[in-house]
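Please look over the model below with these numbered points beside it. They begin with one pair of residues and then turn to the chain as a whole.

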Amino acid sequence: MNDSTGATETGKTDKGTEDKRSEDQGREGKGTEGSGTEGSGTEGNASYGKKPFKRSRSHFADRVTADGRDGWPVEAGRYRLVVSRACPWASRALVSRRLLGLEDALSLAVTDPIQDDRSWRFTLDPGDRDPVLGIRYLSEAYDARETDYPGGVSVPAIVDVPSGKLVTNDFQQLTLDLATEWTALHRPGAPDLYPEPLRDEIDEVMEGIYRDVNNGVYRAGFAAEQSEYERAYRDVFRRLALVSERLAGRRYLVGDTITEADIRLFTTLVRFDAVYHGHFKCNRHKVAEDPVLHAYVKDLYQTPGFGDTVDFDHIKRHYYMVHTGVNPTRIVPLGPDLSGWLTPHHREELGGRPFGDGTPPGPVPAGEEIPTAGRP
């Protein structure tokens, strides 16, 4: 379903990987978050707000599957998931990996939230190199896959450790495959995040949320003209109102357990008041001012696997310091107050079973904890 950004993703698994992805909007440069959201390093970052925002499709759309039909079979320890904790698209993969208990099977690399002219970099690691891949920049894995690849370097990305090559940067399909193709490596008690009987409804809900909320905040924040901004702004809050109405009498978006739809909405809602409300001018109201949405996102944040992947420090520093076309001073606001994330939400009164017949994930693995600066 096309919109003004050219985005068409519905989140479905078997409808033709390429033709259901976003229309190709031309390759942005190497400073991208998600697929095609950010431009070529410092020059591209300064261009936000000066040209229409368009999200390009994932160029590397191979899949890691149980049968290895794309040449990449599911295999414990073979692949490395590269993320930025600032990026909402990468945060989907972080939540899914935790909920499904894939930490031992799929190792994790976390990039610096501040990019330079070569994009995502491993300056949080000793020697400024990823300790497993041995590279300084994610772009090196892209170049190993396709020499002189001219497009955007985006997260999340899965890299094949033995070859050092990028496997996929398909942020829409990646988490669905973690839920459906990696089942042999799921932890005992892992929830079913994409239950087959509910997939049509999940897909429909996710399509509207992607178009108007996940992508809508970017369309508003990077709009180059008033009319473009106003259309995106209205789409965002129209959809949020519909979602709030849907959630008023039910704990989760589809069914009575957490699904992929909740993960995708969460990663935008958790960033909304900190960055999208002010930085992206989505300021009709804050999520904290909608009692239903505020309680819903707090419920998820306090659920193991969600809030323990969120780093508010990374989120704020990335958006306010990298998007120099929107925020040329690079000043990072001190607020909002994060203490409310830990207050009671009372959503349990609506019933529902967060993990269905499964169980919560275990403790956060050593070395993956969120630093104090990024937590309430």
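1. Phenylalanine 266 and phenylalanine 306 are both buried. Please keep in mind that this is a predicted model.

2. How many aromatic pairs does a search of the whole structure find? The search gives 23 aromatic pairs. One of them is formed by phenylalanine 266 and phenylalanine 306, with 5.0 Å centre to centre and 80 degrees between the planes. The arrangement is edge-to-face, because planes over 60 degrees apart count as such.

3. Where in the chain do phenylalanine 266 and phenylalanine 306 sit? Phenylalanine 266 belongs to helix α8, residues 260–276. Phenylalanine 306 is in the loop between α9 (291–301) and α10 (312–322). The two are 40 residues apart, and their pair links distant parts of the chain.

4. Ring pairs also build a cluster. Its members are Trp89, Phe171, Tyr210, Tyr218, Phe222, Tyr229, Tyr233, Phe237, Phe272, Tyr276, Phe280 and Tyr319.

5. On the overall layout, the chain has ten helices and four strands. Read from the N terminus, the order of elements is α-β-α-β-α-β-β-α-α-α-α-α-α-α.

6. The chain has 376 residues, and 58% of them count as buried. Its accessible surface is about 14,200 Å², with 49% belonging to carbon and sulfur atoms.

7. The last point concerns contacts. Taking those in the chain between residues at least 6 apart in sequence, 70% join residues at least 24 apart.

How values were computed
Residues are numbered from 1 along each chain as its sequence is written. This is a predicted model: local features need pLDDT of at least 70, side-chain atom pairs count only at pLDDT 80 or more; totals for chains, interfaces and linings use all residues. Side-chain values use heavy atoms; hydrogens and water are left out. Rings of Phe, Tyr and Trp (its six-membered ring) pair if their centres lie within 6.5 Å; planes under 30 degrees apart count as stacked, over 60 as edge-to-face and the rest as tilted. Buried means under 20% relative accessible area, exposed over 50%, partly exposed in between (1.4 Å probe, protein chains only). Contact means heavy atoms within 4.5 Å. Accessible areas come from the Shrake-Rupley method with a 1.4 Å probe; for residues, only the protein chains shown count as cover.
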